[in-house]
Amino acid sequence: MTVTLGHYLALASVLFTTGAVGFLVRRNALVALMSIELMLNAVNLTLVAANRWQPSMVPAGAEPATPEALAAAAGYASQSAIAHHGQVFAFFVIAVAAAEAAVGLAIVLAFYRLRKTIRTDAADTLKG
Amino acid sequence: MNTSRHLLSVLVWFPALAALATLFIPRQAPKVMRAWAVGSSLFLFGQSLQLLIGSTHSVQARGFRFVEDHAWIPSLGIRYHLAVDGISLWLVLLTTFLTPLTLYVSFGTIRNKQKEFIAAMLLLQSAMIGAFVSLDLFLFYVFWELMLVPMFLIIGVFGGRNAVYAAVKFFLYTFAGSVGMLLAILYMVSRYKGLTGNYSFDYLDLLRLAFPLSTEKWLFLAFAVAFAVKVPMFPLHTWLPDAHTEAPTGGSIILAAVMLKLGTYGFLRFGFGLFPFASHWIGPTVAILACVGILYGALVAWRQHDFKKLVAYSSVSHLGFVMLGLTARTPAGLSGAILQMVNHGISTGALFLLVGVLYDRRHTRDVGEFGGLAKVMPWYAAVFVVVTMSSIGLPGTNGFIGEFLVITGSFTSDLLRVSYRCMVQGDGSRQCEVASIGPLFAMLASFGVVVGAVYMLEVVQKVFFGPNRNPKNAHLPDLNPREWTGLVPLLAMIFAVGLFPTYFRARIDPACESFLAVYNARRTAIAQNQREEPWLLDEALLTPPPPAGPQGPAGGHP
Amino acid sequence: MPSSKVELVAFGLLSLLAVGSAVATISYRSAIRCAVGLFFHILSLAGLYMTLSAHFLAAVQLIVYVGAVVVLFVFVIMLLGPAADAPDDGAGRTPRWLGSGAAVCVGALSAMVVLSYRPERVLRPPSYGTLREVGGYLFGPAVLPFELASVLLTAAVVGAFAVARGHHDKVRLATGLGPDANNPLPSDQAPAAEDGEGPSGGRS
Amino acid sequence: MIQTLAPLAPILLMAFGAVALMLIDAFQDEEGGLAMPAALVHFVAGSTALLLWKRGLPLDSGLLHGYLVIDKTSLFLDAVIGLGGGLASLLAGGYLHEHKLERGEYYPLLGFASCGAMMLVSASDTLMLFVALETMSLGVYAMTGYRRTSARALEAALKYFLLGSFAAALLLAGAALLYTVTGHTDFAGIAQALHPTGEQPPDPFLVDKARISILAMLLILAALAFKVGAVPFHMWVPDTYEGAPTSTTAYMSVVVKTAAFGVFLRLMLTVFGDAGSASSAAGWPALMAWVAVLTMTVGNLAALVQTSVKRMLAYSSIAHAGYLLVGVVLAPRGGGVGAVAVASVLFYLLAYTVSNVGAFGALMLAGRRGAEAVSFDDLAGLGKRHPWAAFALTFFLLSLTGVPPTAGFFGKFYIVRTALDSGLGLLAAIVVVNSAVSAYYYLGVIVKMFMKDPAPGATRAQPMASGTIFFTLVGAALGVLYLGLLPERVLSLALAAAERAAP
């Protein structure tokens, strides 16, 4: 048995769901934030794995093609060697996740200062 | 200033600009403000008299005059198309005639926020004139909706104790009533586009559309609801007594005298004009509702103790006459209905004014509070009696002409009929026996006249000639100069229409005839050629026969 | 390139670790333990990236996530003290089991959908996933999003600053005399306690 | 160099403008006073977009690499964002000063958020979409929690942030799945790979790919529905709108909504614009039609029972999102209908921008520090205390109601007409019935202001005086009247902008 893209994707689904459940169940704002990080990481795993299995005109077992040929085959007329879209995407997700965490933690901190708690259900003075 | 080339634009926009200008007059100068309001509306009245002058700058096509037709939003086929014909002419004049009177009279009672009142009244005038003279349905809808806001403010801000309730009820009834109309307009335009490849909201273009009866019924109903709310027709009238009772005198006058006419006008111009076959189909029903309205309004008015409610219900009754005249679709019925619109404007306006006079003095509108006023306020009593005579249609006053024409019109109508004993023929068509029921409606309406006379006279008897039980009534001052100024023009009009009806009918009848000519031509064409899908009518159908001479009395009236 | 068996074992172990640490992250009551769970989760993902020959990304994952994000979390947890371990008791306004049940269903469904998708693995040159390649791409075609990311980071810094800084607040934190916790609406009901001036300064 | 950067001019101006605002703030001695420069940056960026439009297409200089598309749609929306953002910063100038919140960070944040919004409406790549969305959102999260001493503001920020990040994660998951099956992140590439034209070699994973792409579409739809505030992902809207400082609410309600609808249209039309996924019987338009009906109905019904004016406006903005969704539903139709539908959405966004900025601005003007206009009761008798503020609020609320001749009426008219033209009479009827319902709660405000006196001892809003807000309102009012009375010019712009976007 070999590891296929399907396995990675299924793993990512499980991780994403774990994050989503954590987000929905936990009332601790910090843990909710961490759950979001879990979800983003699961997405990253999908992206990186999908990048690895990028469909290509080169069948398995054939001569390793030149980077340019691979890039051209994948439909990218770029100067960069191999299509790294998935990895680059993941890179940006990591960067954004860090920024998001910074703002999120700032909000949590400020919230804590006023309410002395970080329970999300303490945020209930605004009623629907 | 020669404004006749753009006369209608002046009539529509000048009040709005005057309203805007009013907002910048400082509150510390109330006299300037009042002078400006009355002056500008009088100026407008003067301008509007030009409408009566011959046919300067007229376009004879289809009997519309003072035509202004420019592209407005070309990509959607929306035009700035204004025109008057004999149908809208008198209604515009009624508006310009009543607005200065109403403003002037209201200054006696409205002390706070005069600025807002003036601005709202002038804006309202703009919107009403705009709705009367628009021949583009989009433009018409814009003015139609625009009317709501100033009237809402006039009722709500300047009204009585329950004014807010009445104002909101008024707004929501009319706003909700007209959304269907918007949909129907858009549907027609969309079909027109499908048939011709062009968008057009123009009334004269949309007249070419013919629909299968089932579609036409829905479209007509969508329009009819909007108009019926405004008229108001039984059973959609419930907002009216509330609005009238709570509105200030000026608001009541304008509401009753002009705004309700937009409903009847809309019925005629757009409801009947655009959907001849559906209106033919629904004609008897409308006539029945109109008669129910006449009798119901009269009977309920009889039971009222609140003066304003009494007048409001009598309006329901009078507008029933108008609707009956319209549904008769005979030349006499139509011109009677239009005349009756103007008459009702004048006499109900005067009645509300008179009720307002009494209310200012006693701060009550309970009929039972009064008695024997003829001795205390002889002039007031005299004027009131004259207006009452006009309202119940005594010969010599305006009311007589209108009601008489409506009743004869519906009596002779061969369009009001019912079919019975239908048999399916061999070829699948249905053959029915047809009975004309016009005379029945004429009888019901005549009965309504009698009831109307009874309750009005009873009130007059009680209030002016009965015993005066309440000492507060003993020293009421008679009419003051301001009130006289408001009443004299109205009294003059009552007799002008009553004694010289030919002058007015000379302008109404040709328009009614050409309207009916187009109406009947379209009705026959649609009936003969029922299809599954909308189709276009021959343009030749829409050209009315050459108008009769301006002075020549139209045929078909007694 | 690792052989198939090694890869299978690595994948198995790392995915077990990933799932385990993810579950730990969302289930511990103590926030610091959750953070530790997140830490191990990130490590396991870095390992998975290695099995996918994404060397550069694995490094970035370690540097940014472990070096910045987790540290930030831990820092905030320390700052909050016991309040960081907010209990989960009490009924919330929303039925959370509903949402999470739906999430689990969707997740299971999507796992099933994606599991059957097994395209053939393609050969990659040895330079795949290296710093040189990914970096070249980043500064080549992807320069536009890269520059935008700098805008994003600046916005985040300014945003975090705008929400969390403040001289009055600092005093409050240091002295522990913040607005009364018993008063649920310290400032909205008493508008004088708005930023800048007023009794909020006097209170501290 | 100039040639290469020219297409990006509005975005670059916005970004550099925001950085410049930051620097000015850092080097000036006293805080505040940045509203005018911030508005200027927005207006300049917005008009640059229009200049670019005038200069003509094509606007790809080879720098964009498919990450961004600068076309007429995006330029139109850039202009709307510039206008909305500029007006909102002017409002902020008056509001923050009055409420002693004038700290320098607000305006750079606003600038960065607008920059993200402009990127968002140009984004044609899921990567760019995500980064731009986050840039915009992070700025707005911070602006929401800007009043740090208010528990409500922070609560709003916390809720908005957590739910927003959750939605972003969903969007990301969708994008990742699309990448998995297509190998592309750019919209055009994804569309091409999902629905190839011409002869294709047999693909053993065709069914799997189709399934996964549907999953991705649902995830993305959910995330976008969240961003535009559509039911059932609307719960954040009332809380956030109510808790945030009013200037932020004004900004959010116009710029964020515009950007979200812009990207919604582009993404759904390019990626899922094929005959299968965009089939009006079984594709996403059918789903969105239900969402649209639910959104406007729920929004309007909930707005009916509110006691807080801000919250009422929040629910009404949900309802407006519902009207806009009707345009989105029609957008994928062929035969010219699609272009008109997109144009109606674009026009509505502009009309909504001027009306809503005006409404929030008038609400700000109605209250001063410590006596803000929050509930309906606060507004009682405002017509007496401050007729101009009351008049302004009335005017803009009438535009939101859709009373002619205002921008709001024409926008709604245009959408209803498009729906009727394409045979969706029922949907059109639901829109007009809903707008009739909405008249009730908008009227409620007017009634309070002009026809009720405040109860003795009750709190009442004390109007403030602010030249900036006043002039913003005058500008917005002129815009409302212009769009309502003479919409032809803007309409033809919107149509031209829509031509390239629609199929």
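This briefing describes the chain contacts, selected side-chain pairs and backbone features of a predicted complex.

Because the model is predicted, local features are reported only at pLDDT of at least 70 and side-chain atom pairs only at pLDDT 80 or more, while totals for chains, interfaces and linings use all residues. Residues are numbered from 1 along each chain as its sequence is written, chains are lettered from A and ligands numbered from 1 in the order in which they are written, and side-chain values use heavy atoms, with hydrogens and water left out. The predictor assigns the complex an ipTM of 0.85 and a pTM of 0.90.

**Confidence**

- The average pLDDT of chain D is 88, and 97% of its residues score at least 70; pLDDT is the predictor's confidence in each residue, from 0 to 100.
- Where pLDDT is low, the predicted coordinates should not be read in detail.

**Which chains touch**

- Four pairs of chains are in contact, and chains A and C share the most contacts among them; contact means heavy atoms within 4.5 Å.
- Chains A and B do not touch, their nearest C-alpha atoms being 26 Å apart.
- Chains B and C are likewise not joined by any contact, and their closest C-alpha atoms lie 31 Å apart.

**The interface of chain A and chain C**

- Chain A contributes 84 residues to this contact and chain C contributes 98 residues.
- The buried area between the two chains is about 8,400 Å², and carbon and sulfur atoms give 71% of it; buried area is the accessible area (1.4 Å probe) that two parts lose on being put together, summed over both.
- A:Met34, A:Arg52 and A:Arg113 together supply 10% of the area that chain A buries against chain C, more than any other three residues.
- Between chain A and chain C there are zero salt bridges, a salt bridge being a side-chain nitrogen of Lys or Arg within 4 Å of a carboxyl oxygen of Asp or Glu.
- Seven residue pairs, both members at pLDDT 80 or more, are in polar contact across this interface. A polar contact is a pair of N or O atoms within 3.5 Å; within protein, one must be able to donate a hydrogen and the other to accept it, and residues adjacent in sequence count only if both atoms are side-chain atoms.
- On the side of chain A that touches chain C, helices α1 (5-25), α2 (29-52) and α4 (85-115) of chain A each supply at least two residues. Helices (H or I, at least four residues) and strands (E, at least two) are DSSP runs, numbered from the N terminus.
- The largest share of that side, 24 residues, comes from α4(A).
- By class, the side of chain A that touches chain C has 52 nonpolar, 24 polar and eight charged residues. Ala, Val, Leu, Ile, Met, Phe, Trp, Tyr, Cys and Pro count as nonpolar, Asp, Glu, Lys and Arg as charged, and the others, Gly among them, as polar.

**The interface of chain B and chain D**

- This contact involves 32 residues from chain B and 35 residues from chain D.
- About 3,100 Å² is buried between chain B and chain D, with carbon and sulfur atoms giving 83% of that area.
- The two chains form zero salt bridges with each other, and four residue pairs between them are in polar contact, both members at pLDDT 80 or more.
- Elements of chain B that each supply at least two residues of the side touching chain D are β1 (65-73), α5 (137-146), α6 (148-158) and α7 (163-196).
- Of these residues, 12 come from α7(B), the largest share.
- The side of chain B that touches chain D comprises 27 nonpolar, three polar and two charged residues.

**Side-chain pairs**

- Over all chains, the count is 18 salt bridges.
- One salt bridge joins B:Asp69 and B:Arg79, whose closest N and O atoms are 2.8 Å apart. B:Asp69 lies in strand β1 of chain B and B:Arg79 in strand β2 (residues 78-84), so the pair ties together parts that are 10 residues apart in sequence.
- The whole structure holds 67 aromatic pairs over all chains. Rings of Phe, Tyr and Trp (its six-membered ring) pair if their centres lie within 6.5 Å; planes under 30 degrees apart count as stacked, over 60 as edge-to-face and the rest as tilted.
- B:Phe223 and B:Phe227 form a tilted pair, 6.0 Å centre to centre with 45° between the planes. These two residues are separated by about one helical turn because they are four residues apart in helix α9 (residues 213-230) of chain B.

**Backbone features**

- Most residues other than glycine have a negative phi, and most peptide bonds are trans.
- The peptide bond from D:Val231 to D:Pro232 is cis, with omega near 5°, and D:Pro232 is placed in the loop between α9 (206-228) and α10 (236-243) of chain D.
- A cis peptide bond also runs from D:Pro404 to D:Pro405, with omega near 0°; D:Pro405 is in the loop between α16 (387-401) and α17 (407-421) of chain D.
- B:Arg329, although not a glycine, has a positive phi of about 55°, and B:Arg329 occupies the loop between α13 (307-328) and α14 (331-362) of chain B.
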